[in-house]
Amino acid sequence: MLRNLSLKSTRQFSGVRCQSTLPSLTNLNASWNTLSTEEKQAVYTGIVERQKLNWNELSLEEKRAAYFISFGSHGPRKALVEEGGNTKVFVGVVASLAATAALYFGIRSFAAPPPQTMSKEWQEASTEYMREQNSNPISGVSSEGYKDGTPSGFTQTGHLAHFNLKPEFNTYKHLIGQVILDKNQNIDTVVNKLDTIDNQFRVFPMELLAGAPNYIVTTKESDSVFTFDFSKVYWNSRLSTEHSRIINLFKPFQVVADVMAGVGPFAIPSGRNSTRFLANDLNPDSFHWLKHNIKQNKVDSFVRPSNLDGREFIKSAHKSLKSNPFPETTPILTQKQQKELKRSVTQFPTHPPQDYIDHYVMNLPATAIEFLDAFKPTYTEIQQQNKHNQQALSLTRPMVHVHCFSKAEDKQLATAEICERATNALDHPITPDIDDYNLHHVRSVAPNKEMYCLSFRIPQFV
Ligand SMILES: C[S@@+](CC[C@H](N)C(=O)[O-])C[C@H]1O[C@@H](n2cnc3c(N)ncnc32)[C@H](O)[C@@H]1O
């Protein structure tokens, strides 16, 4: 019966094909779009019926037509973009963009120019005018060190980030702190420095913006590790280059006296280079952390801490050294050098004891020059005592490196101004002609405030 049905269907479709009004199956995919809906339906039904037969009985055309009906590109399978369509899309997009641009510039050409007050010149002129009027002199445009703009950065010391926010950002300060905390995995505490430092120990008053109130930080400088309470001592990462410059002036086994040593940024790395060091600071907290850092960096035999006023220290350091000289010392060795020494039969050379000072360092730029007055009586006496001795130059005339600020406009003016201040304090002429004179520009601290380091050899007083 199935066989009979199949034959009947074949005949029926053959019949459909033979009638001149019904479409041909030849090249059906090309002619499909030209067929009417009834013709398409007739072809579809005929092909479906033919496929119910044995497939070997289908002609090649019928098989191709069957494939086209099932998988060809018509109906929902029709390609979205027909051949040559990409070019049309491209041309359309370019034309639309051109039309948009023409519309934009057309409208702009009729618009009024930006207001005069928006120009850079106008804004600079109005800032200048406010300065002339001395507007907002405490924290605003006329204040010392004022800079335009929003907070753009913070300084990080150990786990602590510190800002110097202007008062106009007070409303957002905790939010700013929280953002810094959230965005930096290695920051746990964010603080705002409240003032410029004007206290004796150069410590910033600060407020907590976000995170834990933990101010004990650990940081690295010159290959040494420093731990200290950031809220109680002076530390400035911007001085690291100056610290290295000064440290490089010292030779192993020389003796250096740092009158205002802080937590040891000159002393500890120098000790690690086997330079002997007297490190003094009046701030008891600096003294505490200085001792901690000496231990932490294992330089106990090279760095001796003290907690005196700078003047007293200058007057007494050479005496305490005379009664307790640095002993004969071997250098601090790296692990590699220690291993080599163990293997070799020779002894590493030791250095003889020393009871005099080769260099003084005085980094308290606001007032250190005034401390020079302690040198004249001290070294007049030493020079008297050693008048007839052929001694090392440093014994009677050590080097002094004293930091200071200057408001002078250029280095020439600064030279004159700083030499005059040093001359007055030392009560002896200090000029660029004296022995081992050098005036080094350290950094610009604020507009109109430059930091310098004056170096010279103590003059012959006697
Ligand atoms: C600007 S800090 C420099 C600290 C360190 N030398 C450095 O380079 O980071 C000045 C230091 O001088 C100390 N100081 C202030 N007055 C002092 C005085 N009369 N005698 C000794 N030290 C003093 C402060 O405690 C502070 O640690």
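Strands β3 (residues 189-193) and β4 pair in the antiparallel sense over five bridges, with pairing taken to need at least two DSSP bridges between two strands. Strands here are DSSP E runs of at least two residues, helices are H or I runs of at least four, and both are numbered from the N terminus. This is a predicted model, in which local features need pLDDT of at least 70 and side-chain atom pairs count only at pLDDT 80 or more, while totals for chains, interfaces and linings use all residues. Residues are numbered from 1 along each chain as its sequence is written.

Turning to the annotated positions, the unreviewed UniProt entry puts a "binding site" feature at H243, D281, L282, D309, G310 and N363; positions follow the numbering used here, feature names are shortened, and annotations may be inferred rather than shown by experiment. D281 sits in the loop between β8 (276-280) and α10 (284-296), and L282 lies in the loop between β8 and α10. D281 counts as buried because it has 30 C-beta neighbours inside 10 Å, whereas L282, with 19, counts as partly exposed. The cut-offs are 20 or more other C-beta atoms within 10 Å for buried, 12 or fewer for exposed, and partly exposed in between, with C-beta atoms placed from the backbone. Leaving out residues up to four places away in sequence, L282 touches N307, L308, D309 and G310, where contact means C-beta atoms within 7 Å, again placed from the backbone.

Terms used
Two residues are in contact if their C-beta atoms, placed from the backbone, lie within 7 Å.
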